[in-house]
Every structure is written in C-alpha cells, then in structure tokens.
Amino acid sequence: MFESFYDLERTPFSRDIPTDQLYQSHMLEETLGRLEYTAQRQMFAVLTGDCGTGKTTTIRKLKETLDTSRFMVMYLADSKLTPRHFYKGLLEQLGCEAKFYRGDAKRQLHKEIELMQGIHHLQPVVIVDEAHLLDKEMLEEVRFLLNFKMDAQFNPGRTKRTLGTA
Ligand SMILES: Nc1ncnc2c1ncn2[C@@H]1O[C@H](COP(=O)(O)OP(=O)(O)OP(=O)(O)O)[C@@H](O)[C@H]1O
Ligand SMILES: [Mg+2]
C-alpha cells in the first residue's frame, strides 16, 4: 500500500532484506571491519546500539561476509540463556547431541572446537544476540570461557601478551 504510494520496490525495515541490498552506511562498513578483525584474531567484542539501529542486521551481514572455509559462525539469541543452554545450543549447531550436565557439555564443546580447528582448520565465531538480557551467571561463564582459552594457549614465551590481555 504505502510501498506504491512512495514508489518503493519492497517493504522497508523487514527482517529479510537480502544482505547485498542493505544500505551500506559508513557505520555499517566500519562495524563490519571491526567485527571481522575480532573474528580473525579470536578476540571478544561487544556491539551496542539503540533499538532498531541495525545490530542484528549487521551480524547477519557479518555471517555472510566471513569466509565459510575459514570460519564456523554460531549464533544464539535467547532471553533466558543459561550456561547449560549456551553449551547445548552451540553443540547442536555443530551437529552434536549435548551431554546432560553442564560440565560435561562444556568439555564436549571444547573437544569439538579443538577438532574443528585441528582437522578442519575452522575458527569458531560465537555470536550472542540480545546479550544485554544475560544474567550474571551466564556472564561469569563467558568470562571463564575466555580465561580457559588464555590458559589453554598459554605460552611462556609470550607471557607479556597474555598478561596484557587478561
Ligand atoms: N543497513 C541497513 N539497510 C537497510 N535496512 C536496514 C539496515 N540495517 C537495519 N535495517 C532495517 O532496520 C530493521 C531493524 O534492524 P535490526 O533488527 O538489525 O536492529 P537491532 O539493532 O538489532 O534492533 P533491536 O535493538 O530491537 O534488537 C531491520 O529489520 C532492517 O529492515
Ligand atoms: Mg536485534
């Protein structure tokens, strides 16, 4: 209706706009560049913005931008994300049935990621949308996860860098 009045080819602000038809603002390019940088260096990033400013759309575009032969993108959006559901959700996206207990599922995920990196040479990229809804327990879990990675990759020759990141 209003589409024809304004001579629009398609309904604006729908969720399924093909990513190659998005408005390529400077901000979108800049954000994508930073997120790609984060994925390439296995860093942690937080994307913030007012409601409806295009955070999820940017993530959708990022997913399409990242080379699928190098990155395995896993996406979670759950207002009640608990550590158990976090591991279960990621394992399901890797095609595995998660073990029941959180600790077991966590070890299972680490193992799957090691296999993915070692055999398939794929880097995992985990995206949690609506992360402002995460409770303290889930945020602590993310912190432990990042620490685990640092400990696992600890290399005495690079102590300064590790400490600098911690
Ligand atoms: N670059 C863009 N070009 C065209 N349309 C866009 C672009 N970015 C976002 N939009 C439109 O704006 C709508 C809102 O964007 P999006 O849902 O990504 O925002 P959000 O920041 O994730 O919102 P919320 O805070 O509610 O989660 C999308 O449905 C899409 O139609
Ligand atoms: Mg969103």
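From the N terminus on, the elements of the chain follow the order α-α-α-β-α-α-β-α-α, which comes to 7 helices and 2 strands. Helices (H or I, at least four residues) and strands (E, at least two) are DSSP runs, numbered from the N terminus. The model is predicted, and local features need pLDDT of at least 70, side-chain atom pairs count only at pLDDT 80 or more, and totals for chains, interfaces and linings use all residues. Residues are numbered from 1 along each chain as its sequence is written, chains are lettered from A and ligands numbered from 1 in the order in which they are written, and side-chain values use heavy atoms, with hydrogens and water left out.

Of the 166 residues in the chain, 27% are buried; buried means under 20% relative accessible area, exposed over 50%, and partly exposed in between (1.4 Å probe, protein chains only). The accessible surface of the chain is about 12200 Å², and carbon and sulfur atoms account for 55% of that surface. Accessible areas come from the Shrake-Rupley method with a 1.4 Å probe, and for residues only the protein chains shown count as cover. Among contacts (heavy atoms within 4.5 Å) between residues at least 6 apart in sequence, 54% join residues at least 24 apart.

Helix 2 covers residues 26-40, and its 15 residues should span 21 Å at 1.5 Å a residue, which agrees with the 21 Å between its end C-alpha atoms. The expected span is 1.5 Å times one less than the number of residues. Leu-28, Thr-31, Leu-32, Leu-35, Thr-38 and Ala-39 are the buried residues of helix 2. Viewed down the axis of helix 2, these buried residues fall within an arc of 120 degrees, so they line one face of the helix; the arc is that of the directions from the helix axis to the C-beta atoms. The exposed residues His-26 and Arg-34 are carried on the face of helix 2 turned away from its buried side. The cover over the buried residues of helix 2 includes helix 3 (55-65), strand 1 (71-77) and strand 2 (123-129). After helix 2 comes Gln-42, with a positive phi near 50 degrees.

In helix 3 the buried residues are Thr-58, Ile-59, Lys-61 and Leu-62. Down the axis of helix 3, its buried residues fall within an arc of 160 degrees, so they too line one face of their helix. Helix 2, strand 1 and strand 2 are included in what covers the buried residues of helix 3.

Backbone atoms of the protein approach ligand 1 at several points. A polar backbone atom of Ser-14 is 2.7 Å from an oxygen atom of ligand 1, and for Phe-13 the distance from a polar backbone atom to an oxygen atom of ligand 1 is 3.4 Å. A nitrogen atom of ligand 1 lies 2.9 Å from a backbone N or O atom of Tyr-23. Taken alone, ligand 1 exposes 630 Å², and the protein buries 76% of that area.

Helix 4 (residues 83-93) has Pro-83, Phe-86, Tyr-87, Gly-89, Leu-90 and Leu-91 as its buried residues. Just after helix 4, Gly-95 takes a positive phi of about 80 degrees.

Gln-117 lies in helix 5 and is partly exposed, with a relative accessible area of 25%. Leaving aside neighbours within four places in sequence, Gln-117 is in contact with Gln-42, Leu-122, Gln-123 and Pro-124. Gln-117 and Phe-71 are 46 residues apart in sequence, and their C-alpha atoms are 9.6 Å apart in space.

At 57% relative accessibility, His-121 counts as exposed. Glu-130 counts as partly exposed, at 37% relative accessibility.

How values were computed:
Polar contact = N/O pair within 3.5 Å; in protein donor to acceptor, adjacent residues only side chain to side chain.
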